There are 2 protein chains.
Amino acid sequence: MAQQERAVRTRRAVLEAAAAVFAERGYAAATIGEILHRAGVTKGALYFHFGSKVALAQGVLQAQTGNDYHVPRGLKLQEWVDAGMTLAWRLPQEPMLLAGVRLSADLHSRDVVGSAWPAWAEVTTSFLAEAKERGEVLPHVVPAETAQVFLGAWIGVQYVSQAMAGWADLEMRMSALFNHMLPAITAPAVLVRLDTAPDRGARVMAEVRAQSPALAGAGQ
Amino acid sequence: MAQQERAVRTRRAVLEAAAAVFAERGYAAATIGEILHRAGVTKGALYFHFGSKVALAQGVLQAQTGNDYHVPRGLKLQEWVDAGMTLAWRLPQEPMLLAGVRLSADLHSRDVVGSAWPAWAEVTTSFLAEAKERGEVLPHVVPAETAQVFLGAWIGVQYVSQAMAGWADLEMRMSALFNHMLPAITAPAVLVRLDTAPDRGARVMAEVRAQSPALAGAGQ
(Lines give C-alpha, C1' and ligand atoms only; values in the text may rest on other atoms or scores of the structure.)
Protein backbone atom coordinates (compact mmCIF):
# COMPACT_ATOMS: atom_id res chain seq x y z
CA MET A 1 0.00 0.00 0.00
CA ALA A 2 1.38 3.39 -0.98
CA GLN A 3 2.13 5.80 1.83
CA GLN A 4 -0.51 8.25 0.64
CA GLU A 5 -3.22 5.60 0.53
CA ARG A 6 -2.28 4.50 4.05
CA ALA A 7 -2.56 8.08 5.25
CA VAL A 8 -6.06 8.40 3.74
CA ARG A 9 -7.15 5.17 5.44
CA THR A 10 -5.72 6.23 8.77
CA ARG A 11 -7.44 9.59 8.58
CA ARG A 12 -10.76 7.90 7.75
CA ALA A 13 -10.35 5.38 10.61
CA VAL A 14 -9.65 8.19 13.08
CA LEU A 15 -12.62 10.21 11.82
CA GLU A 16 -14.97 7.24 12.08
CA ALA A 17 -13.78 6.42 15.58
CA ALA A 18 -14.18 10.07 16.59
CA ALA A 19 -17.71 10.12 15.13
CA ALA A 20 -18.68 7.00 17.07
CA VAL A 21 -17.35 8.45 20.33
CA PHE A 22 -18.91 11.90 19.79
CA ALA A 23 -22.24 10.28 18.85
CA GLU A 24 -22.27 8.16 22.01
CA ARG A 25 -20.78 10.50 24.59
CA GLY A 26 -21.17 14.04 23.26
CA TYR A 27 -18.34 16.50 22.83
CA ALA A 28 -17.45 17.23 26.45
CA ALA A 29 -17.22 13.60 27.58
CA ALA A 30 -15.35 12.32 24.49
CA THR A 31 -11.64 11.65 25.08
CA ILE A 32 -8.76 11.38 22.64
CA GLY A 33 -7.80 8.20 24.49
CA GLU A 34 -11.05 6.42 23.61
CA ILE A 35 -10.86 7.63 20.01
CA LEU A 36 -7.30 6.27 19.74
CA HIS A 37 -8.39 2.96 21.21
CA ARG A 38 -11.31 2.57 18.79
CA ALA A 39 -9.34 3.68 15.74
CA GLY A 40 -6.44 1.36 16.61
CA VAL A 41 -3.86 3.98 15.62
CA THR A 42 -0.96 5.61 17.45
CA LYS A 43 -1.20 8.98 19.14
CA GLY A 44 1.33 10.30 16.62
CA ALA A 45 -0.81 9.16 13.67
CA LEU A 46 -3.93 10.79 15.13
CA TYR A 47 -2.18 14.10 15.83
CA PHE A 48 -0.63 14.04 12.34
CA HIS A 49 -4.18 14.32 10.91
CA PHE A 50 -6.05 16.16 13.64
CA GLY A 51 -4.15 18.44 16.01
CA SER A 52 -6.85 18.59 18.72
CA LYS A 53 -10.30 17.46 19.83
CA VAL A 54 -11.68 20.61 18.20
CA ALA A 55 -10.10 19.63 14.88
CA LEU A 56 -11.56 16.11 15.19
CA ALA A 57 -15.05 17.50 15.79
CA GLN A 58 -14.67 19.91 12.88
CA GLY A 59 -13.58 17.01 10.68
CA VAL A 60 -16.76 15.15 11.65
CA LEU A 61 -18.90 18.21 10.88
CA GLN A 62 -17.22 18.68 7.49
CA ALA A 63 -18.03 15.07 6.61
CA GLN A 64 -21.79 15.69 7.02
CA THR A 65 -22.81 17.16 3.70
CA GLY A 66 -21.02 14.95 1.19
CA ASN A 67 -22.80 14.47 -2.10
CA ASP A 68 -22.07 10.76 -2.52
CA TYR A 69 -25.70 9.67 -2.70
CA HIS A 70 -26.80 12.16 -5.31
CA VAL A 71 -28.75 10.78 -8.28
CA PRO A 72 -29.58 13.39 -10.98
CA ARG A 73 -33.34 13.79 -11.70
CA GLY A 74 -35.44 15.69 -14.20
CA LEU A 75 -36.62 17.96 -11.37
CA LYS A 76 -34.19 19.76 -9.05
CA LEU A 77 -36.86 19.73 -6.33
CA GLN A 78 -36.93 15.94 -6.53
CA GLU A 79 -33.17 15.96 -5.96
CA TRP A 80 -33.75 18.13 -2.87
CA VAL A 81 -36.44 15.76 -1.58
CA ASP A 82 -34.12 12.82 -2.32
CA ALA A 83 -31.33 14.49 -0.32
CA GLY A 84 -33.69 14.85 2.64
CA MET A 85 -35.20 11.39 2.40
CA THR A 86 -31.85 9.60 2.02
CA LEU A 87 -30.58 11.58 5.00
CA ALA A 88 -33.59 10.41 7.03
CA TRP A 89 -32.85 6.84 5.94
CA ARG A 90 -29.11 7.04 6.72
CA LEU A 91 -29.11 9.08 9.92
CA PRO A 92 -30.14 6.41 12.44
CA GLN A 93 -27.51 3.97 11.17
CA GLU A 94 -24.50 6.20 10.45
CA PRO A 95 -22.40 7.32 13.44
CA MET A 96 -20.89 10.10 11.30
CA LEU A 97 -24.32 11.71 10.86
CA LEU A 98 -25.46 10.98 14.42
CA ALA A 99 -22.28 12.65 15.67
CA GLY A 100 -23.03 15.69 13.49
CA VAL A 101 -26.53 15.95 14.95
CA ARG A 102 -25.25 15.63 18.50
CA LEU A 103 -22.34 18.06 18.07
CA SER A 104 -24.53 20.64 16.31
CA ALA A 105 -27.18 20.42 19.04
CA ASP A 106 -24.71 20.86 21.89
CA LEU A 107 -24.54 24.48 23.07
CA HIS A 108 -21.02 24.09 24.45
CA SER A 109 -19.47 22.31 21.47
CA ARG A 110 -21.21 24.68 19.05
CA ASP A 111 -19.41 27.59 20.71
CA VAL A 112 -16.05 25.88 20.41
CA VAL A 113 -16.37 23.83 17.23
CA GLY A 114 -19.20 25.34 15.20
CA SER A 115 -22.09 23.31 13.75
CA ALA A 116 -23.17 21.64 10.53
CA TRP A 117 -26.22 23.94 10.31
CA PRO A 118 -24.77 26.60 7.98
CA ALA A 119 -23.57 23.88 5.58
CA TRP A 120 -27.01 22.23 5.57
CA ALA A 121 -28.74 25.57 4.98
CA GLU A 122 -26.32 26.17 2.11
CA VAL A 123 -27.18 22.78 0.54
CA THR A 124 -30.91 23.56 0.62
CA THR A 125 -30.43 27.14 -0.60
CA SER A 126 -28.46 25.90 -3.57
CA PHE A 127 -31.03 23.21 -4.53
CA LEU A 128 -33.86 25.75 -4.24
CA ALA A 129 -32.02 28.46 -6.16
CA GLU A 130 -31.42 26.06 -9.06
CA ALA A 131 -35.02 24.86 -8.90
CA LYS A 132 -36.20 28.48 -8.98
CA GLU A 133 -34.10 29.24 -12.06
CA ARG A 134 -35.82 26.34 -13.79
CA GLY A 135 -39.27 27.60 -12.81
CA GLU A 136 -39.99 24.69 -10.45
CA VAL A 137 -40.26 27.00 -7.46
CA LEU A 138 -42.82 29.82 -7.19
CA PRO A 139 -41.49 33.31 -8.02
CA HIS A 140 -42.04 34.82 -4.54
CA VAL A 141 -39.87 32.19 -2.81
CA VAL A 142 -36.59 33.35 -1.26
CA PRO A 143 -34.36 30.23 -1.22
CA ALA A 144 -32.28 31.29 1.79
CA GLU A 145 -35.42 32.01 3.85
CA THR A 146 -37.05 28.69 2.96
CA ALA A 147 -33.73 26.99 3.77
CA GLN A 148 -33.81 28.48 7.29
CA VAL A 149 -37.40 27.33 7.86
CA PHE A 150 -36.53 23.87 6.58
CA LEU A 151 -33.37 23.70 8.70
CA GLY A 152 -35.30 24.51 11.88
CA ALA A 153 -38.15 22.15 11.00
CA TRP A 154 -35.77 19.30 10.12
CA ILE A 155 -33.82 19.70 13.36
CA GLY A 156 -37.08 19.55 15.32
CA VAL A 157 -38.37 16.56 13.37
CA GLN A 158 -35.13 14.69 14.12
CA TYR A 159 -35.37 15.66 17.74
CA VAL A 160 -38.96 14.54 18.21
CA SER A 161 -38.39 11.32 16.28
CA GLN A 162 -35.37 10.42 18.40
CA ALA A 163 -37.13 11.29 21.65
CA MET A 164 -40.48 9.67 20.93
CA ALA A 165 -39.60 6.74 18.69
CA GLY A 166 -35.84 6.11 18.86
CA TRP A 167 -35.67 7.28 15.20
CA ALA A 168 -38.13 4.58 14.05
CA ASP A 169 -40.55 7.10 12.50
CA LEU A 170 -37.96 9.52 11.06
CA GLU A 171 -38.71 8.73 7.39
CA MET A 172 -42.45 9.05 8.01
CA ARG A 173 -41.99 12.39 9.77
CA MET A 174 -39.62 13.66 7.09
CA SER A 175 -42.08 12.69 4.36
CA ALA A 176 -44.89 14.51 6.21
CA LEU A 177 -42.65 17.57 6.61
CA PHE A 178 -42.03 17.74 2.83
CA ASN A 179 -45.76 17.28 2.19
CA HIS A 180 -46.49 20.22 4.48
CA MET A 181 -43.82 22.56 3.06
CA LEU A 182 -43.65 21.85 -0.68
CA PRO A 183 -47.10 23.29 -1.56
CA ALA A 184 -45.96 26.71 -0.26
CA ILE A 185 -42.99 26.90 -2.62
CA THR A 186 -43.64 24.62 -5.60
CA ALA A 187 -45.19 25.36 -8.99
CA PRO A 188 -48.45 23.30 -9.13
CA ALA A 189 -47.44 21.35 -12.25
CA VAL A 190 -44.23 20.29 -10.50
CA LEU A 191 -45.83 19.54 -7.14
CA VAL A 192 -47.94 16.69 -8.51
CA ARG A 193 -44.84 15.02 -9.98
CA LEU A 194 -42.77 14.91 -6.78
CA ASP A 195 -42.31 11.63 -4.93
CA THR A 196 -42.21 12.26 -1.17
CA ALA A 197 -43.28 8.81 0.04
CA PRO A 198 -41.72 7.65 3.33
CA ASP A 199 -39.80 4.86 1.55
CA ARG A 200 -38.32 7.27 -1.02
CA GLY A 201 -34.95 7.29 0.78
CA ALA A 202 -34.74 3.49 0.78
CA ARG A 203 -35.54 3.37 -2.95
CA VAL A 204 -32.94 6.02 -3.82
CA MET A 205 -30.37 4.13 -1.72
CA ALA A 206 -31.17 0.96 -3.68
CA GLU A 207 -30.46 2.87 -6.90
CA VAL A 208 -27.18 4.16 -5.50
CA ARG A 209 -26.28 0.64 -4.37
CA ALA A 210 -26.88 -0.69 -7.88
CA GLN A 211 -24.62 2.00 -9.34
CA SER A 212 -21.86 1.95 -6.73
CA PRO A 213 -21.93 -0.97 -4.29
CA ALA A 214 -19.02 0.33 -2.20
CA LEU A 215 -20.80 3.54 -1.27
CA ALA A 216 -24.14 2.08 -0.39
CA GLY A 217 -22.60 -0.43 1.99
CA ALA A 218 -21.57 2.35 4.36
CA GLY A 219 -23.35 2.35 7.67
CA GLN A 220 -25.09 -0.99 7.31
CA MET B 1 -56.98 37.32 52.93
CA ALA B 2 -59.06 34.16 53.07
CA GLN B 3 -57.16 30.93 53.67
CA GLN B 4 -58.07 29.59 50.23
CA GLU B 5 -56.81 32.68 48.45
CA ARG B 6 -53.57 32.49 50.40
CA ALA B 7 -53.16 28.86 49.35
CA VAL B 8 -53.67 29.77 45.68
CA ARG B 9 -51.05 32.53 45.93
CA THR B 10 -48.55 30.27 47.69
CA ARG B 11 -49.02 27.59 45.07
CA ARG B 12 -48.48 30.14 42.30
CA ALA B 13 -45.36 31.58 43.98
CA VAL B 14 -43.87 28.09 44.35
CA LEU B 15 -44.67 27.24 40.72
CA GLU B 16 -43.10 30.46 39.44
CA ALA B 17 -39.98 29.94 41.54
CA ALA B 18 -39.74 26.35 40.31
CA ALA B 19 -40.14 27.51 36.69
CA ALA B 20 -37.35 30.07 37.09
CA VAL B 21 -34.99 27.48 38.61
CA PHE B 22 -35.84 24.77 36.03
CA ALA B 23 -35.42 27.30 33.19
CA GLU B 24 -31.98 28.38 34.43
CA ARG B 25 -30.52 25.11 35.69
CA GLY B 26 -32.43 22.30 34.02
CA TYR B 27 -34.18 19.49 35.85
CA ALA B 28 -31.21 17.57 37.24
CA ALA B 29 -29.41 20.57 38.74
CA ALA B 30 -32.53 22.22 40.21
CA THR B 31 -32.86 21.83 43.99
CA ILE B 32 -35.90 22.15 46.25
CA GLY B 33 -33.72 24.37 48.47
CA GLU B 34 -33.24 27.00 45.77
CA ILE B 35 -36.92 26.88 44.82
CA LEU B 36 -37.88 27.41 48.50
CA HIS B 37 -35.47 30.31 48.76
CA ARG B 38 -36.82 32.03 45.63
CA ALA B 39 -40.47 31.44 46.51
CA GLY B 40 -39.95 32.68 50.07
CA VAL B 41 -42.18 29.97 51.51
CA THR B 42 -41.63 27.27 54.14
CA LYS B 43 -40.75 23.70 53.28
CA GLY B 44 -44.12 22.66 54.72
CA ALA B 45 -46.00 25.04 52.44
CA LEU B 46 -44.15 23.79 49.37
CA TYR B 47 -44.72 20.14 50.19
CA PHE B 48 -48.39 20.82 50.91
CA HIS B 49 -48.80 21.78 47.24
CA PHE B 50 -46.12 19.70 45.51
CA GLY B 51 -44.96 16.48 47.13
CA SER B 52 -41.70 16.16 45.15
CA LYS B 53 -39.44 17.67 42.47
CA VAL B 54 -41.27 15.50 39.93
CA ALA B 55 -44.60 17.03 41.00
CA LEU B 56 -43.13 20.54 40.71
CA ALA B 57 -41.90 19.87 37.19
CA GLN B 58 -45.27 18.37 36.24
CA GLY B 59 -46.99 21.47 37.63
CA VAL B 60 -44.78 23.63 35.41
CA LEU B 61 -45.59 21.48 32.35
CA GLN B 62 -49.32 21.64 33.09
CA ALA B 63 -49.12 25.44 33.20
CA GLN B 64 -47.84 25.60 29.59
CA THR B 65 -50.98 25.39 27.54
CA GLY B 66 -53.33 27.77 29.33
CA ASN B 67 -55.78 29.58 27.11
CA ASP B 68 -55.52 33.01 28.79
CA TYR B 69 -54.48 34.90 25.69
CA HIS B 70 -57.16 33.56 23.40
CA VAL B 71 -59.11 36.15 21.37
CA PRO B 72 -61.98 34.70 19.28
CA ARG B 73 -61.73 35.37 15.52
CA GLY B 74 -63.90 34.81 12.50
CA LEU B 75 -61.45 32.15 11.31
CA LYS B 76 -60.35 29.24 13.53
CA LEU B 77 -57.07 29.08 11.60
CA GLN B 78 -56.38 32.69 12.59
CA GLU B 79 -56.87 31.64 16.22
CA TRP B 80 -54.32 28.87 15.69
CA VAL B 81 -51.85 31.31 14.11
CA ASP B 82 -52.51 33.73 16.99
CA ALA B 83 -51.78 30.98 19.53
CA GLY B 84 -48.44 30.31 17.80
CA MET B 85 -47.47 33.94 17.36
CA THR B 86 -48.35 34.97 20.94
CA LEU B 87 -46.37 31.98 22.15
CA ALA B 88 -43.38 33.15 20.09
CA TRP B 89 -43.79 36.62 21.60
CA ARG B 90 -44.14 35.37 25.20
CA LEU B 91 -41.60 32.54 25.26
CA PRO B 92 -38.36 34.54 25.59
CA GLN B 93 -39.71 36.57 28.50
CA GLU B 94 -41.72 34.03 30.52
CA PRO B 95 -39.77 31.64 32.76
CA MET B 96 -42.82 29.35 32.93
CA LEU B 97 -42.63 28.76 29.16
CA LEU B 98 -38.83 28.65 29.06
CA ALA B 99 -38.93 26.02 31.79
CA GLY B 100 -41.44 24.01 29.76
CA VAL B 101 -39.15 24.11 26.72
CA ARG B 102 -36.11 23.09 28.75
CA LEU B 103 -37.88 20.31 30.68
CA SER B 104 -39.49 18.91 27.52
CA ALA B 105 -36.15 18.92 25.67
CA ASP B 106 -34.27 17.12 28.46
CA LEU B 107 -34.03 13.37 27.82
CA HIS B 108 -33.65 12.54 31.50
CA SER B 109 -36.45 14.73 32.82
CA ARG B 110 -38.75 13.61 30.02
CA ASP B 111 -38.34 10.02 31.20
CA VAL B 112 -39.19 10.93 34.79
CA VAL B 113 -41.60 13.83 34.42
CA GLY B 114 -43.05 13.66 30.91
CA SER B 115 -43.15 16.59 28.49
CA ALA B 116 -45.49 19.33 27.30
CA TRP B 117 -45.38 17.96 23.74
CA PRO B 118 -48.55 15.84 23.85
CA ALA B 119 -50.51 18.78 25.27
CA TRP B 120 -49.19 21.10 22.53
CA ALA B 121 -50.02 18.55 19.83
CA GLU B 122 -53.51 18.28 21.33
CA VAL B 123 -54.00 22.08 21.18
CA THR B 124 -53.07 22.17 17.48
CA THR B 125 -55.14 19.09 16.65
CA SER B 126 -58.18 20.66 18.24
CA PHE B 127 -57.78 24.02 16.41
CA LEU B 128 -57.31 22.21 13.10
CA ALA B 129 -60.21 19.82 13.63
CA GLU B 130 -62.55 22.76 14.29
CA ALA B 131 -61.14 24.64 11.30
CA LYS B 132 -61.72 21.57 9.14
CA GLU B 133 -65.35 21.27 10.25
CA ARG B 134 -65.82 24.85 9.13
CA GLY B 135 -64.25 24.18 5.73
CA GLU B 136 -61.17 26.36 6.40
CA VAL B 137 -58.85 23.39 6.10
CA LEU B 138 -58.51 21.28 2.94
CA PRO B 139 -60.44 17.98 3.01
CA HIS B 140 -57.39 15.68 2.77
CA VAL B 141 -55.76 17.14 5.91
CA VAL B 142 -55.48 14.87 8.96
CA PRO B 143 -55.35 17.28 11.94
CA ALA B 144 -53.34 14.95 14.21
CA GLU B 145 -50.73 14.39 11.48
CA THR B 146 -50.34 18.09 10.74
CA ALA B 147 -50.11 18.70 14.49
CA GLN B 148 -47.14 16.31 14.71
CA VAL B 149 -45.35 18.02 11.79
CA PHE B 150 -46.01 21.42 13.35
CA LEU B 151 -44.85 20.25 16.79
CA GLY B 152 -41.54 19.02 15.41
CA ALA B 153 -41.05 22.10 13.25
CA TRP B 154 -41.89 24.47 16.11
CA ILE B 155 -39.49 22.73 18.49
CA GLY B 156 -36.73 23.03 15.90
CA VAL B 157 -37.52 26.67 15.14
CA GLN B 158 -37.27 27.47 18.88
CA TYR B 159 -34.05 25.56 19.11
CA VAL B 160 -32.37 27.27 16.17
CA SER B 161 -33.60 30.71 17.24
CA GLN B 162 -32.26 30.25 20.76
CA ALA B 163 -28.92 28.89 19.54
CA MET B 164 -28.31 31.35 16.72
CA ALA B 165 -29.99 34.56 17.92
CA GLY B 166 -30.72 34.22 21.65
CA TRP B 167 -34.46 34.17 20.74
CA ALA B 168 -34.25 37.56 18.98
CA ASP B 169 -35.61 36.21 15.67
CA LEU B 170 -38.20 33.79 17.10
CA GLU B 171 -41.24 35.76 15.87
CA MET B 172 -39.73 36.12 12.41
CA ARG B 173 -38.95 32.39 12.23
CA MET B 174 -42.41 31.47 13.53
CA SER B 175 -44.06 33.70 10.94
CA ALA B 176 -41.97 32.10 8.17
CA LEU B 177 -42.91 28.64 9.46
CA PHE B 178 -46.64 29.44 9.23
CA ASN B 179 -46.11 30.89 5.74
CA HIS B 180 -44.44 27.65 4.68
CA MET B 181 -47.03 25.29 6.22
CA LEU B 182 -50.40 26.99 5.80
CA PRO B 183 -50.60 26.67 1.98
CA ALA B 184 -50.46 22.87 2.33
CA ILE B 185 -53.53 22.70 4.56
CA THR B 186 -55.62 25.83 4.01
CA ALA B 187 -58.54 26.48 1.64
CA PRO B 188 -57.32 29.14 -0.84
CA ALA B 189 -60.07 31.66 0.03
CA VAL B 190 -59.08 31.41 3.70
CA LEU B 191 -55.33 31.50 3.10
CA VAL B 192 -55.38 35.03 1.66
CA ARG B 193 -57.23 36.30 4.75
CA LEU B 194 -54.78 35.01 7.38
CA ASP B 195 -52.43 37.44 9.13
CA THR B 196 -49.10 35.73 9.82
CA ALA B 197 -46.89 38.84 10.06
CA PRO B 198 -43.97 38.62 12.52
CA ASP B 199 -45.55 41.29 14.76
CA ARG B 200 -48.89 39.46 14.92
CA GLY B 201 -48.14 38.17 18.44
CA ALA B 202 -47.36 41.67 19.73
CA ARG B 203 -50.58 43.03 18.26
CA VAL B 204 -52.71 40.23 19.74
CA MET B 205 -51.04 40.80 23.12
CA ALA B 206 -51.94 44.51 22.89
CA GLU B 207 -55.56 43.50 22.34
CA VAL B 208 -55.45 41.15 25.33
CA ARG B 209 -53.85 43.90 27.40
CA ALA B 210 -56.67 46.29 26.51
CA GLN B 211 -59.26 43.70 27.54
CA SER B 212 -57.58 42.38 30.67
CA PRO B 213 -54.61 44.38 31.97
CA ALA B 214 -53.77 41.91 34.75
CA LEU B 215 -53.13 39.03 32.33
CA ALA B 216 -51.05 40.87 29.82
CA GLY B 217 -48.68 42.17 32.46
CA ALA B 218 -47.34 38.67 33.11
CA GLY B 219 -43.79 38.12 32.10
CA GLN B 220 -42.91 41.73 31.37
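This is a predicted model: local features need pLDDT of at least 70, side-chain atom pairs count only at pLDDT 80 or more; totals for chains, interfaces and linings use all residues.
Modeller: Start with angles: under 35 degrees counts as roughly parallel, over 145 as roughly antiparallel, 65 to 115 as roughly perpendicular, and the rest as oblique. Residues are numbered from 1 along each chain as its sequence is written, with chains lettered from A and ligands numbered from 1 in written order.

Colleague: At what angle do the axes of α1(A) and α4(A) cross?

Modeller: Helices are DSSP runs (H or I, at least four residues; strands are E, at least two), numbered from the N terminus. Axes are lines fitted to C-alpha atoms, for helices over the stretch in contact, with angles from 0 to 180 degrees between N-to-C directions. The axes of α1(A) and α4(A), residues 53–62, cross at roughly 105° and come within 9 Å. The two helices are therefore roughly perpendicular to each other.

Colleague: Which residues of α1(A) and α4(A) make the contact?

Modeller: Contact means heavy atoms within 4.5 Å. From α1(A) come V14(A), L15(A), A18(A), A19(A), F22(A), Y27(A) and A28(A). From α4(A) come K53(A), V54(A), L56(A), A57(A), G59(A) and V60(A). By class, the contact has 11 nonpolar residues, 1 polar and 1 charged. Nonpolar covers Ala, Val, Leu, Ile, Met, Phe, Trp, Tyr, Cys and Pro; charged covers Asp, Glu, Lys and Arg; the others, Gly among them, are polar.

Colleague: How do α5(A) and α12(A) cross?

Modeller: The axes of α5(A), residues 76–90, and α12(A), residues 200–211, come within 8 Å and cross at roughly 95°. This pair is therefore roughly perpendicular. On the α5(A) side, Q78(A), D82(A), M85(A), T86(A), W89(A) and R90(A) take part. They meet R200(A), G201(A), A202(A), V204(A), M205(A) and R209(A) in α12(A). The contact of α5(A) with α12(A) divides into 5 nonpolar, 3 polar and 4 charged residues.

Colleague: Back to α1(A). Is T10(A) buried or exposed?

Modeller: Buried means under 20% relative accessible area, exposed over 50%, and partly exposed in between (1.4 Å probe, protein chains only). T10(A), in helix α1 (residues 3–29), counts as buried because its relative accessibility is 19%. Leaving out residues up to four places away in sequence, T10(A) touches V41(A), A45(A) and H49(A). A28(A) also lies in helix α1 of chain A, but counts as exposed at 59%.

Colleague: What does UniProt list for residues 31–50 of chain A?

Modeller: An unreviewed UniProt entry lists them as "DNA-binding region". Its positions use the numbering here, feature names are shortened, and annotations may be inferred rather than shown by experiment. In the model, residues 31–50 of chain A are 75% helix and 0% strand, with end C-alpha atoms 14 Å apart.

Colleague: How does the span of α9(B) compare with what it should be?

Modeller: The expected span is 1.5 Å times one less than the number of residues. The 23 residues of α9(B), 143–165, should span 33 Å; the end C-alpha atoms are 31 Å apart, which agrees. Just after α9(B), G166(B) takes a positive phi of about 55°.

Colleague: What phi does W167(B) have?

Modeller: Positive, about 80°, although W167(B) is not a glycine. W167(B) sits in the loop between α9 and α10 of chain B. At 13%, W167(B) counts as buried. In chain A, W167(A) has phi near 80° and is buried at 13%.

Methods: Side-chain values use heavy atoms; hydrogens and water are left out.
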